[in-house]
Amino acid sequence: MLTFHITATGVDLEYEGDLGANNKWVWDELTTNNEARISRIFLFKPADLLNPPSATQDFEDYEYWFRLGAFDNGYVRIPARILEIKNDLLISRDVTLKRSIFVAERNVSIFRRLSELLDHSDPIVIGGMHPDAIPRDVFEELLKKFPNTYELNRYADARVHTILSQYLDGMRDARGRYESYLNRNKSLTSTSKIDLDVLKKLEVEKYILIRDLIENSLETKRNWSEGDWQKLMLSFLLLLFPKYIMVLENVTIYDYYSNPSKKTDRFIDIALVDANGNLDIIEVKKPFDDKILRKSKYRDNSIPTSELSGSIMQAEKYLFHLSKWGSRGEDILTKKYVTELPQGMRIRISNPKAIIIVGRDQIGGANMTGSQLLDFEIIKRKYANMMDIITYDDLLRRLNNTIAALGG
């Protein structure tokens, strides 16, 4: 976690590792390699560290304080070497410093991109009255215009299509989709009157792209690991579940019950935060067949597989530990993610829910029968007050229904 502190002479950067993680790696990097990269964007030397650890330092709760920049005539001057560019950076003191000023999606360094476009080593100046300054409002607009993940994916698809279409037949027109996306975005930003039909078409195309990607992956990516499927779903979870505004990965929570003599760290792979700050969890499993209901029946009833039962139990325990953590957990998580949350928002643990995405609607190579679907629905309804169990086929049906409802 990063925190920017204004001092009498400049700005210091406080770095605290994730909860449950060992912070010693930073000191090891500084002493071994004479430098350490913090949050993938700031490169510090040992001389930049304001509070070197003692020989017997306990790194579990240790917080590093680095000198980031010094005041210079109404600006904060950040040395070029810290940002690994050729230009010093001057940021007006009235600009609130936060990580998103320095890094865009996919950890793209904003000022490195700017520096690469310049043919001089003069300082990059943001805001203030300097004659060569980029006005603050222009810089804020620049941050909004940096490509998001969707645009980068479309661009990457277009580049691949351009190269491989010379050799392979039957490729989808990814380049055409990318250019269509850009043209539609221009039409939205070039007029003050929003065309709702254009917005609806964009929504339809968005869901079609997600559906096609999931369908293609189900057909061709059977050898993917669970981590690969999680990465795929992470790219559009907020589009599939629009009530949420933020995805948190590898969230550490405390378990005080498994071993009453000490707390145990538990790690939630993916958590979701809604617009009110409420925290829920999501479990993404591999989409194998025969992972929902057992082939054999118990007294003429279909019963869940061990994988589905295990996934449900895992989610239930996460919800249990979150609920028991209560307000203390809210404080810890809010502090950890304060730089990523919207200003003033607080993470809340208030009757958390879970979403489980798991398996296919197939048993023994065939679709579930009506009886099996009924038994599966009964299982889902049993847990409906605390979790939503979704198969990949169910997810595709929801997408198809949404596309049809929007006129796609």
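In strand 10, Val125 is the bridge partner of Leu90; strands here are DSSP runs of E with at least two residues, helices are runs of H or I with at least four residues, and both are numbered from the N terminus. The model is predicted, so that local features need pLDDT of at least 70 and side-chain atom pairs count only at pLDDT 80 or more, while totals for chains, interfaces and linings use all residues. Residues are numbered from 1 along each chain as its sequence is written, and side-chain values use heavy atoms, with hydrogens and water left out.

Strand 7 (residues 89–92) and strand 10 run parallel and are joined by 3 bridges, pairing being assigned if DSSP finds at least two bridges between two strands. Helix 1 (residues 24–33) packs on the sheet, where it touches strand 2 (10–15) and strand 5 (64–72), contact meaning heavy atoms within 4.5 Å. The direction of helix 1 makes about 65° with that of strand 5; axes are lines fitted to C-alpha atoms, for helices over the stretch in contact, and angles run from 0 to 180 degrees between N-to-C directions.

In strand 13 (residues 279–284), 6 of the 6 residues are buried, that is, under 20% relative accessible area with a 1.4 Å probe and protein chains only. Leu279, Ile281 and Glu283 point one way from strand 13, and Asp280, Ile282 and Val284 the other way. Strand 12 (residues 264–274) pairs with strand 13 in the antiparallel sense over 4 bridges, with Leu272 opposite Asp280. Strand 13 is also joined by 4 bridges to strand 14 (residues 354–357), in parallel, and Ile356 in strand 14 is the bridge partner of Glu283.

Note on methods
Buried < 20%, exposed > 50% of the residue type's maximum accessible area, 1.4 Å probe, protein only.
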